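This report walks through selected strand pairings and a helix contact. Please keep the sequence and the coordinates at hand while reading.

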Amino acid sequence: MIYKHVKNGVVALAVFASFFLGSMTVFADANVSLFMTTWQKFAQNEASPVLPNILITDAGGGNITPAKGVTIMLPTDIDILWDKTVTQYAVNDALVTVTYSKNLRNVTIPVTATFTAGQSVIVSGAKLRIYSPGSSYRDLKLDINGDGVADATGVNGVQIDADVLKSDQQAPFQVANVSHAVSEKSVTLTWENPVDPDYNGLFITKTLTRGGKTTPEDIAIDKLTTTYSDANVQKDDVLEYSLKTKDNVGNVGEGVKVTLTFGATLPPPVLTPPPVVTPPAPPAEETPPSPAPVVMPSITDSLSESEITSLLAAFKDIDANTPNRKQIAYLVKIGALKGDKAGRLRLDAKMSYAAFAQIVVKAFAVEGKGTALTIMKKLGYILKATKASRFIPKKNALKILLKVKGIDAATQNITDMKLLRGTLLKGDLVPWMIAVVDAP
């Protein structure tokens, strides 16, 4: 069942089950796939080549989920990395923020909803950095459960052109996690080196301003070092350090800057604190009783019993014993639920995406031009490629309801169970929708 509770002012929708399907999932190449139209040939040291569009498909449905997203893995036996300066990819023409592994061999693309059977996305804008000389073809792979092991091998991939070797004009990535510490006599810088295979150390350009005079100095740092200590400092020196990575052929990056005034960050002298005088405790006051919690009425509480009876009188399949009778009456009142020509609401009917969109648009007063399904697609609640006649899975429907209301489905306890398996019925939708509409 689905129930609603309030904790710390947050409404949670929870679905309970006796077991979790997620722990039983088995992945195979037949369930998910990665496809590019052709092998992509790149020249060594070509500046951040862009991959062609990548088509990712969940053939079985339910394999690609928001919990893990989808990770595209590069081969590890040649020197090729993702270009982490690209922070967003286009997924079905919508920009999403991606994350990279520390070694830049894997890029993870977030997913907002569990894929249905046959659902695909087109990923574009991914860039590479290539350091290897000419080599054979290499496949891209997919990891969909976040364990770092490939669950599927892509169709077509990357080839590095052995015949066209361009001159290297691209500097390594910048150093990361730069920090500094100041003592009474020195400044110490620390950082993490980039993972570029051709990284060959740093130039630290120190600019010292002392007594109105500015002096630059270049300091060479070898590629294995991650710290530098500067003892040539005096109080009130203005110091700027620029940490610039370089590669084997002398390409130098723009640099990461650290600026400080020496002495200004030293701790103040320790003073003896005055004695602490403890004031007398104030007289005890009676704690006023806590106010009674405010319970917000449901939107269905506005309906009288006579109005409910009147609203449902026309439907032959609704009687006094029908579950969620009050909620059904409310959805009939706002025009979200309508009967068929035979005078039935058919609460057991499987719902198509088009029918689901029509009910949601009515219940949530979603505005826009076109059909209800077109409106939901334009607003990003339903994927553009979804067919109107396709039945909507129950779990997808619940997540869309939450999203329309502005509730992050990731914060809700939605457990896979028999209730959420299969396609959505009107009877399932009635209590879900009222619970979400009621949520503050």
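## Strand 12 and its partners

Leu55 has Ile122 as its bridge partner in strand 12. The model described here is a predicted one, and in it strand 5 and strand 12 are joined in the antiparallel sense by five bridges. Strand 12 also pairs with strand 8, which covers residues 88-91, through two bridges and again in an antiparallel arrangement; here Val91 is the residue that stands opposite Val123 of strand 12.

The side chains of strand 12, which spans residues 119-124, alternate between two faces.

## The loop around Ala47

Ala47 lies in the loop that links strand 4 (40-44) with strand 5 (54-58). Its relative accessibility is 58%, and because the cut-off for exposed is over 50%, Ala47 counts as exposed. In sequence Ala47 and Arg129 are 82 residues apart, yet their C-alpha atoms are 7.1 Å apart in space.

Four strands make up an open sheet with the order 19-18-21-22, and their pairing is antiparallel. Strand 19 (213-221) and strand 22 (256-261) are the edge strands, each of them pairing on one side only. When direction is ignored, neighbouring strands of this sheet are turned against each other by 15° on average.

Within the order given above, strand 18 (residues 199-210) and strand 21 (residues 238-247) run antiparallel and are joined by nine bridges. One of the residue pairs that can be followed across these strands is Thr205, which stands opposite Ser242 of strand 21.

## Helix 2 against helix 6

Two packed helices are described by the angle between their axes together with the distance between those axes. For helix 2 (residues 325-333) and helix 6 (residues 426-438), the axes come within 9 Å and cross at roughly 75°. Because angles of 65 to 115 degrees count as roughly perpendicular, helix 2 is described as roughly perpendicular to helix 6.

On the side of helix 2 the contact is made by Gln327, Ile328, Tyr330 and Leu331, and on the side of helix 6 by Val430, Met433 and Ile434. By residue class, this contact of helix 2 with helix 6 comprises six nonpolar residues, one polar residue and no charged residue.

Definitions and conventions: Residues are numbered from 1 along each chain as its sequence is written. This is a predicted model: local features need pLDDT of at least 70, side-chain atom pairs count only at pLDDT 80 or more; totals for chains, interfaces and linings use all residues. Side-chain values use heavy atoms; hydrogens and water are left out. Axes are lines fitted to C-alpha atoms, for helices over the stretch in contact, and angles run from 0 to 180 degrees between N-to-C directions. Angles under 35 degrees count as roughly parallel, over 145 as roughly antiparallel, 65 to 115 as roughly perpendicular and the rest as oblique. Contact means heavy atoms within 4.5 Å. Ala, Val, Leu, Ile, Met, Phe, Trp, Tyr, Cys and Pro count as nonpolar, Asp, Glu, Lys and Arg as charged, and the others, Gly among them, as polar. Two strands pair if DSSP finds at least two bridges between them. Buried means under 20% relative accessible area, exposed over 50%, partly exposed in between (1.4 Å probe, protein chains only).
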